[in-house]
Every structure is written in structure tokens, then in C-alpha cells.
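Please look over the protein shown below. A short report on its architecture follows.

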Amino acid sequence: HFFAIPSCPVVVQPTMRVIGITGTLGAGKGTIVDLLTKQYNFLHYSVRDFLIEKIKEKSLPVNRDSMTQVANELRAAHTPSYIVEQLHARALAAGRDCIIESIRTVGEVTALRGLGSFLLFAVDADPRVRYDRIVVRASETDKVSFETFQANEQREMTSTDPSKQNLSAVMKMADHTFSNDGTQEELFSAVRVVMDSLQQSSK
């Protein structure tokens with residue numbers, strides 16, 4: 001026998017947690033992702049990886065300018081939250097706790113909060129500390145001078161358009177904000193305190 005599956009919006013399972021992470025360049029978003037995936041068994045969905053897929057489809061150079069251009073084009077053509085909604089749909093299909101990296105527009109936060117069981121984490125650190133980290137990391141989008149690094153960041157910090165990157169406003173919307181000027185272990189300790197508190201409150 002075949003049964004028709006009714007068309008209806010998918011909702012987050014009561015036990016499923018969706019965390020979005022935002023933060024300045026090189027602040028430690030990936031470090032928090034590592035902790036949540038390895039210690040708390042979260043699945044990781046990356047806006048960066050999603051955009052690199054799209055950039056390669058368009059045969060554009062893989063750099064921060066292309067990422068910003070393609071991201072803004074997708075958001076303008078669909079909705080301000082289009083990219084994270086695509087990742088959220090993948091997370092729902094898996095049905096497990098997940099972290100979406102990274103949230104950059106006000107529209108994305110608003111949409112994800114509307115889907116339920118969503119928390120936003122933000123991480124920040126001193127600019128020179130962050131620049132030194134990305135030099136060590138040296139990914140395809142990170143090979144820039146300190147001056148270019150600062151210019152890139154400034155361009156992403158503010159916008160009145162909800163479909164464009166506005167890190168300053170997004171970070172102010174965070175449920176929990178972490179400072180990462182110290183050691184990795186200090187950051188891990190701060191995140192663990194929040195995660196343990198969340199686990200206690202969900203019991």
C-alpha cells in the first residue's frame with residue numbers, strides 16, 4: 001500500500017537544539033564549533049562551505065570578495081535568510097543538535113528564531129590577535145594584509161539592508177557572547193559553562 005505524505009512545514013523536534021554562531025574575523029568561531037561537534041555531538045553546517053560550492057559553480061576565484069558577492073546575490077534573489085534556511089533544512093533532515101556557522105545578517109537571526117529552539121552564540125577578540133590567528137590559519141580567503149583584513153571587516157560590520165552582512169547588529173542579538181583574547185582552554189571553559197547550564201535547563 002502507498003500512502004500520500006501530507007505537505008506541511010517541518011518543525012524542530014523538541015529535543016533538538018540549533019545553535020548559530022557569529023563573530024568577527026578570526027575570533028574563534030571554528031574553535032567553538034570544534035568543541036560542540038567533538039564534546040557535545042553537534043552536527044556542523046557551514047555557510048562558508050555552502051558558498052564555496054556556489055562560487056566554484058560560477059567559476060569565480062575563491063576569496064572573501066567572491067563569498068560576500070555570492071552571499072549577497074543569493075540573499076537578494078531569495079530571502080535575507082535563504083542560505084541558513086538551506087542549512088537548517090539539512091539539519092532538520094538529520095534530526096540532531098546542530099551548529100550553523102556563521103550567522104551574518106539580521107534577517108538570518110530573525111528567521112532562525114522563528115523556527116524555534118534556536119540560540120545565537122557570538123565570539124570576539126582583539127583585532128591584532130585575530131589577524132595573527134588568520135595568518136596562521138591561512139585558508140583560501142585569509143591571505144590578506146592587516147590593512148585589507150581591517151577593511152574587509154569594516155565592510156561586513158554594518159548595513160541597513162537586512163539581506164546584507166551586518167555583524168555589529170547580529171552580535172548584539174546574541175544570547176551568549178564569548179571573549180577569546182586568552183587561551184583556547186579559557187574559551188572552552190566559558191562555552192562549557194553555558195552548555196552545561198543549557199543542558200540543566202532542558203531537563
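## A first residue

Is Asn 41 buried, partly exposed or exposed? Asn 41 counts as partly exposed, because its relative accessibility is 48% (buried means under 20% relative accessible area, exposed over 50%, partly exposed in between, with a 1.4 Å probe and protein chains only). Asn 41 sits in the loop between H1 and strand S2 (43–46). Its phi is near 65°, a positive value in a residue other than glycine.

## About the model

This is a predicted model: local features need pLDDT of at least 70, side-chain atom pairs count only at pLDDT 80 or more, and totals for chains, interfaces and linings use all residues. Residues are numbered from 1 along each chain as its sequence is written, and side-chain values use heavy atoms, with hydrogens and water left out.

## The overall fold

The protein chain holds nine helices and five strands. Both are DSSP runs numbered from the N terminus: helices are H or I with at least four residues, strands are E with at least two. From the N terminus on, the order is β-α-β-α-α-α-β-α-β-α-α-α-β-α.

The chain has 203 residues, and buried ones make up 46% of them. Take the contacts between residues at least 6 apart in sequence (contact means heavy atoms within 4.5 Å). Of these, 74% join residues at least 24 apart.

## The largest pocket

The largest pocket contains about 580 Å³ of space. On a 1 Å grid over the protein atoms alone, a pocket is an open set of points where a 1.4 Å probe fits, with protein on both sides within 12 Å along at least five of seven lines; lining residues have an atom within 4 Å of a point. The volume is the space filled by probe spheres set on the points, which are joined across faces, edges and corners.

The lining has 29 residues, and the closest to the pocket centre are Lys 29, Gly 30, Arg 48, Glu 101 and Arg 137. H3 gives the largest share, five residues. The lining divides into eight nonpolar, 12 polar and nine charged residues. Here Ala, Val, Leu, Ile, Met, Phe, Trp, Tyr, Cys and Pro count as nonpolar, Asp, Glu, Lys and Arg as charged, and the others, Gly among them, as polar.

Which residues of H7 are buried? They are Phe 146, Phe 149, Asn 152, Glu 153, Glu 156 and Met 157. They cover an arc of only 135° around the axis, so they lie on the same side of H7 (the arc is that of the directions from the helix axis to the C-beta atoms). The face turned away from that side carries exposed Glu 147 and Gln 154. The buried residues of H7 pack against H3, H6 and helix H8 (167–172).

In H6, the buried residues are Arg 130, Tyr 131 and Ile 134. They line one face of the helix, because they fall within an arc of 100°. They pack against strand S4 (118–124) and H7.

Asn 166 lies in the loop between H7 and H8. Asn 166 is buried, with a relative accessible area of 10%. Leaving out residues up to four places away in sequence, Asn 166 touches Arg 104, Val 106, Glu 156, Met 157, Thr 158 and Ser 159.

Ser 59 is in the loop between H2 and H3. Ser 59 is exposed, at 66% relative accessible area. Its phi is near 60°, a positive value in a residue other than glycine. The peptide bond from Glu 101 to Ser 102 is cis, with omega near -5°.
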